[in-house]
Amino acid sequence: MGDSQTEIEVPSFFVCPISLEIMKDPVTLSTGITYDREAIEKWLYTRKNCMCPITKQVLTDLELTPNHTLRRLIQSWCTINGPYGIERFPTPRIPISKSQILKLLQDSKSPNLQMECLKKLKTIVLESDVNKRSTEAVGAAEYLSYIICNPSCNHTSPSSVDEISGVNGFDNSVTAVDEALNILYHLRLSQTGLKSLFGKTGELVDALTRVMQCAANYDTRTYAVLLLKSMFDVAEPIQVMSLETHFFKELTQILANQVSPKATKAALKLLIEVCPWGRNRIKAVEAGGVTVLIDILLDCTNPTRVSEMVLILLDHLCQSAEGRAELLRHGAGLAVVSKKIFRVSQVASARAVRILHAVAKFSGNTSVIQEMLQLGVVGKLCFVLQVECGSKTSEKAREILKMHARAWKHSSCIPYNLVCSYPS
């Protein structure tokens, strides 16, 4: 717009109450107030507000009704004032309606149309937050869950020769389960929607566990982990405590295979969330979790956050006798945990010391305390006292050193410069 625009008075009802700019695509809420679509969508979906910005009324209906009359008035006004540098806004594309989404879902129940309809639905969902909410509102999540839980209705749609042959030995042809899971994850369901996914039998959890195990597509396996993480964020305690051992085996396998950075982080977060409940930490240990976590720690290329989460999870598992036994059984267990102190972050150091504290307190037999001495663990704990003076980590280290003072205090294995740090 040109400088002459400053001399033109813009009618107040052309201006969006949120952005304070001329509305390009005016839409009206159920409260009767009109806003620019982009601004009100941001208010409702990105900032997750549920009330009208002007009236402060709680919105039970988030339907945005296009105000065609006002939009035409604004376009006409822009055209008239074109000589003064005012640009006419193009007519906005009509958003997808709930009835169109419903028809797409209905058509997708035909085997011949299923893949085509799912691909169209994915495009719609990825287009905007409004489309996501409309798709959720018409019950799409239930239908997508049905496809995932019933692979027999799965149809393959390879899009190229490369996809058919696959990479690294995997068949990358796209199936209905792949598409349904992709859409279901990207719907970013509300808390209510996520809770409803558990259903009465937990069938979807079992189906997603199978997907983690069997899916040929790495992205699909990643989406399965990410969706499970979102579901268990809102799960009831009984749902968390009823998990089967094979659930932990597949998550552990995801970590071992390093399916993707996203899948690794999601799997770690999910395990951290569910392991403190019931017998879950023991199930995770039985699934080989301790060994896999130690192997991940041995990889020095891990991002800081991954190393932190691995140590947090390992701390959870070592609160059980089974977890500590597996840590000690691994040749590098004690050494790598000790090595991470001061090498990653304060969070990682604190968790590493907690793990050593659990081992020293509950599993500190003669051979273990000698191993801790020979591996330099005791020297590292003395160093913690020097550096972390007064912190909770320092207190934990002090407790460990005092527990086995008779065996460690006068040992030649402790570096001379650290002997003075040994607590009296």
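This is a predicted model: local features need pLDDT of at least 70, side-chain atom pairs count only at pLDDT 80 or more; totals for chains, interfaces and linings use all residues.
View 1. Cys149 has a relative accessible area of 10% and is buried, because the buried class covers values under 20%. Cys149 belongs to the buried set of helix 6.

**View 2. Helix 6 and the helices around it.** Helix 6 spans residues 140-149, and eight of its ten residues are buried, so the rest of the structure largely encloses this helix. Besides Cys149, the buried residues include Ala140, Ala141, Tyr143 and Leu144. Ser145, Ile147 and Ile148 are also buried. The packing partners of these buried residues are helix 3 (98-107), helix 4 (114-127), helix 5 (129-137), helix 8 (176-186) and helix 10 (203-214).

**View 3. Cys50 and the sulfur of Cys52.** Zero disulfides are found in a search of the whole structure. Cys50 accordingly takes part in no disulfide, and the nearest cysteine sulfur, which belongs to Cys52, is 12 Å away. A disulfide would require the two sulfur atoms to be within 2.5 Å. The relative accessibility of Cys50 is 45%, so Cys50 counts as partly exposed.

**View 4. Glu41 in helix 1.** Helix 1 covers residues 37-46 and contains Glu41. With a relative accessibility of 16%, Glu41 counts as buried, because this value falls under the 20% limit. Once neighbours within four places in sequence are set aside, the contacts of Glu41 are Thr46, Leu64 and Val130.

Technical notes. Residues are numbered from 1 along each chain as its sequence is written. Side-chain values use heavy atoms; hydrogens and water are left out. Buried means under 20% relative accessible area, exposed over 50%, partly exposed in between (1.4 Å probe, protein chains only). Helices (H or I, at least four residues) and strands (E, at least two) are DSSP runs, numbered from the N terminus. Contact means heavy atoms within 4.5 Å.
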